[in-house]
Amino acid sequence: MQVGNVTTPFGRRSVTLAQIKGQMRTAEIKAGKKADKWKVFRDACEARAVLGIQDRALAVLDALLTFYPDNELSEDRGLVVFPSNDQLSVRAHGIAGTTLRRHLAALVDAGLIQRKDSANGKRYARKDETGGIEEAFGFSLAPLLARAEELAHTAQQVAAERKRFRITKEALSICRRDVRKFISAAVEERAAGDWGHIEEMFLGLTRRIPRTPTVADLQQILEEMEMLREEIINRLEIQENSESMGSNAVQNERHIQNSNTESSNELEPSSGEEQGAKSSQAIRRTKEPIKAFPLGMVLQACPGIRDYGPSGNVESWRDLMSAAVVVRSMLGVSPSAYQDACEILGPQNAAAVIACILERAGHIENAGGYLRNLTRKATCGEFSLGPMLMALLRANGAPDRKAS
């Protein structure tokens, strides 16, 4: 908004309200105030979106500051620089004259510099008898000194907002990945439920993400995506509980039948020592617990699991098992697949296997199917955790240990 005019030898130049406010600010600079010019410049760069200036305008401001001889802005030393357009163009990386004038005007409008015109409109300095600058005409850097604290505060706000945007975006990406894996696992394992409808809800939320989203946009979609994830987890847990109740009933029935069979067999004569040896070997093959390895060895082979511990680290087997539950969900391993692994391998070994799968997640397409395959092999006595740990120790450059 134009509120007045200033007469120059080359015509009348309009004065904007922003320029008048800038002049009022510079008039209020406290005596003795100083500010690091490059710190103020960095703050202006950080706050450029709020100030409404472009990168090329900041390049011109950078060039202007190079003509100020000291690192600290101070009224005691004068705040006016007076380079010619040719000199400015060279230090602004060869910017064209018309472009230079446009960005100088933008810096004035943004309240970062002020014009201090001479009678003939030229930029120069009048020196005294000792050679010191008595008065200079050109561009005053006083607004930068006057607004040093304001620019620093604005820069901090912009940085905080950018950090919040990044954290929200990362959280949404992780949540999207979790939901996608949960749905795929549920469909793959033929879990009960209308997973087609749930997938449509997921795709609908994904399509709502704008091409250039704001923090508010991402936060709203993140909240809805987290609700969808919780709903999916609740459905899978309900199904897991119902399956566990059913499997317990079947196991109880089998236990009764096996007890009856064993009782009747006791009354029958043995069919020979060879058959007895084979039977005991088969029982031992399926019922012998899989060897557990030291926690330190597991963490050395699988350092990635540490980040998922209760406090960002793993210091005990309990911590490792808690981290494994988080990673299991992240990798898309179904609760039933992990429960089977715990029953066959033991909770500690199952957690160690999850840590190994996490370490090689980039090479395993279906973590849930991979875990089920290992569990089946363990049931037949064909899986050992040792070789897997040894391979990861070698891959991570750790000193090889003998798994005995």
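**Close-up views of a predicted model**

**View A. The buried residues of helix 4.** In helix 4, the buried residues are Ala 57, Leu 58, Val 60, Leu 61, Ala 63, Leu 64 and Leu 65. This model is predicted. Helix 4 runs over residues 55-66, 12 residues in all. From its first C-alpha to its last it reaches 17 Å, close to the 16 Å expected at 1.5 Å a residue.

View B. Let's move to helix 8 (residues 148-188), where Thr 168 has its place. Thr 168 has 6% relative accessibility, so it counts as buried, the cut-off being under 20%. Its side chain reaches the backbone oxygen of Arg 164 at 2.8 Å. Leaving aside neighbours within four places in sequence, Thr 168 is in contact with Val 215, Leu 218, Gln 219 and Leu 222.

**View C. An aromatic pair in helix 2.** Searching the whole structure turns up 1 aromatic pair. The ring centres of Trp 38 and Phe 41 are 6.0 Å apart and their planes meet at 90 degrees, so this pair is edge-to-face. Both residues belong to helix 2 (residues 37-46), where they are 3 residues apart, about one turn of the helix. Trp 38 counts as partly exposed, at 25% relative accessibility, whereas Phe 41, at 13%, counts as buried.

**View D. Charges over rings.** Here are two places to look at a charged side chain and a ring. Arg 91 lies over the face of Phe 67, 3.9 Å from the ring centre. For Lys 116, the charged end sits over the ring of Phe 137, at 5.8 Å from its centre.

Technical notes
Residues numbered from 1 in each chain as written. Predicted model: local features only at pLDDT ≥ 70, side-chain atom pairs only at ≥ 80, totals over all residues. Heavy atoms only, no water. Helix = DSSP H or I, 4+ residues; strand = E, 2+ residues; numbered from the N terminus. Expected span 1.5 Å × (residues − 1). Buried < 20%, exposed > 50% of the residue type's maximum accessible area, 1.4 Å probe, protein only. Polar contact = N/O pair within 3.5 Å; in protein donor to acceptor, adjacent residues only side chain to side chain. Contact = heavy atoms within 4.5 Å. Phe/Tyr/Trp six-rings, centres within 6.5 Å; stacked < 30°, edge-to-face > 60°. Lys NZ or Arg CZ within 6 Å of the ring centre and 35° of its normal.
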